[in-house]
Amino acid sequence: VLILIGGVANKKEVKEGEKEPIKIGGVLSLTGAASSDGESIKKGMELAKADLEAQGVEVELIYQDDKTEAKDTVSAINAISTQGVEAIIGPTWSFLGDAGVPVADRLKLVTIMPANTSEYVSARSPYAFFTSTKVSQMTPVLIQWLKENNKKRIVLVYNQAAWGEVVAKTLRDSAKEAGAEIVFTESIPYGSEVDAMSTILAKIQSLKSDLLFFEVDDDKGIVTLLKKAKEFGINSDIMSVTTSVGRIFNSGVSKPTNTFYVVSPVASEVFKVKFNEFYKTNPGAYADRAYDSVMLIADAIQKKGDDTLSDYLRNKSNYQGLSGDYKFDENGDVIGGEWVVEKLE
């Protein structure tokens, strides 16, 4: 009874004609290994909130930090569901999504993940949506790049995780179509990159590869690669998809002598300008998709009528965001999207 009385006493009084704010949760990795991506997503969300409020749409963002731990993702979704949120942005990485999606499904709570796709989040739910461009969309771009740059002998090193496996398969398929050969493959458990790097580079030193495709997420492992490649005299071009590589490269911690390429979804120049004006810096990974995700939720809530939010998003959504149009397939993946290969300078 006391809890009920307290809840009534604390409830915000809504005057006639006044609307409650749209409440959106953020179950993000604000600390731990995924914190860079989590903070980037949060910044995109905050920018969307500012733009919506400039349009007269009040938004309340409520955050829970899962510390990049699956058990904390579960408790974070349970906790945030009691605060009246209408949808959640997150979780950040795929294994956190696998932990969180069943919980959100039980609660019938929409989750939109700007950094994931159903390709590497295996949990399924009618309430789960993915606004990141699917990795399979990268195949035609990779095929064209490999052909145009005459890459014939490729070394593939990647983390033993769902993301790494999906990217590795995409590279294999692309290499086959481009007439290139994967001359060496090594998968590494997350966290063992530093210890494994010297052994791996020693193995590939004599292979005369012309491309090292390196797909790991551990920052220390990436720094070790950049340093050891020079020591071992490995001069082949290096390519990656993971956001961690570009971040380490651009931080100035270690600049490789190799030519370095990153494959990434095509970014919105309009969003980049908007973000820069707001934060006085360039956006990080997934900030654009996080921005669009908040705008998408707000748009759907205002238009869905008697439909549930999940039904509207899955069957009627056609929101035109800064990074593309948001229609979803049967797995909750956004349809369409393109990738581009960029040289890091």
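The model is a predicted one, in which local features need pLDDT of at least 70 and side-chain atom pairs count only at pLDDT 80 or more, while totals for chains, interfaces and linings use all residues. Residues are numbered from 1 along each chain as its sequence is written, and side-chain values use heavy atoms, with hydrogens and water left out. The average pLDDT (the predictor's confidence in each residue, from 0 to 100) is 91, and 93% of the residues score at least 70. Over residues 1-17, however, the pLDDT is below 50. Where pLDDT is low, the predicted coordinates should not be read in detail.

We turn next to the interior. In soluble globular proteins, nonpolar side chains tend to be buried together. A nonpolar core is a set of buried Ala, Val, Leu, Ile, Met, Phe, Trp, Tyr and Cys residues joined through side-chain atoms within 4.5 Å; buried means under 20% relative accessible area, exposed over 50%, and partly exposed in between, with a 1.4 Å probe and protein chains only. The largest such core here has 39 residues, and those with the most contacts inside it include Ile24, Met45 and Leu313. Among the elements that give two or more residues to this core are strand β1 (22-28), helix α2 and helix α12 (309-315); helices (H or I, at least four residues) and strands (E, at least two) are DSSP runs, numbered from the N terminus. The largest share, ten residues, comes from α11.

Leaving aside neighbours within four places in sequence, Leu313 is in contact (heavy atoms within 4.5 Å) with Val110, Ile112, Phe129, Leu296, Ala300 and Phe328.

A second, separate core of 26 residues includes Ile143, Ile154, Ala180 and Met239. Of these, Ile154 is in strand β6 (residues 153-159) and is buried, with 0% relative accessibility. Not counting residues up to four places away in sequence, Ile154 touches residues including Leu146, Ala180 and Phe213.

Helix packing comes next. Two packed helices are described by the angle between their axes and the distance between the axes. Axes are lines fitted to C-alpha atoms, for helices over the stretch in contact, and angles run from 0 to 180 degrees between N-to-C directions. Helix α2 (residues 35-54) and helix α10 (residues 269-279) pack at an angle of about 85 degrees, with their axes 11 Å apart. The two helices are therefore roughly perpendicular, a term for angles of 65 to 115 degrees. On the α2 side the contact includes Lys43 and Leu47, and on the α10 side Phe271 and Phe278. Ser40 is also found in helix α2; Ser40 is buried, with a relative accessible area of 8%.

Most residues other than glycine have a negative phi, and most peptide bonds are trans. Gly90 and Pro91 are joined by a cis peptide bond, with omega about 0 degrees, and Pro91 lies in the loop between β3 and α4 (94-107). Lys108, in the loop between α4 and β4, has a positive phi of about 55 degrees and is exposed at 60% relative accessibility. Lys208 likewise has a positive phi of about 55 degrees, and Lys208 is exposed at 71%.

Conventions:
Parallel < 35°, antiparallel > 145°, perpendicular 65-115°, else oblique.
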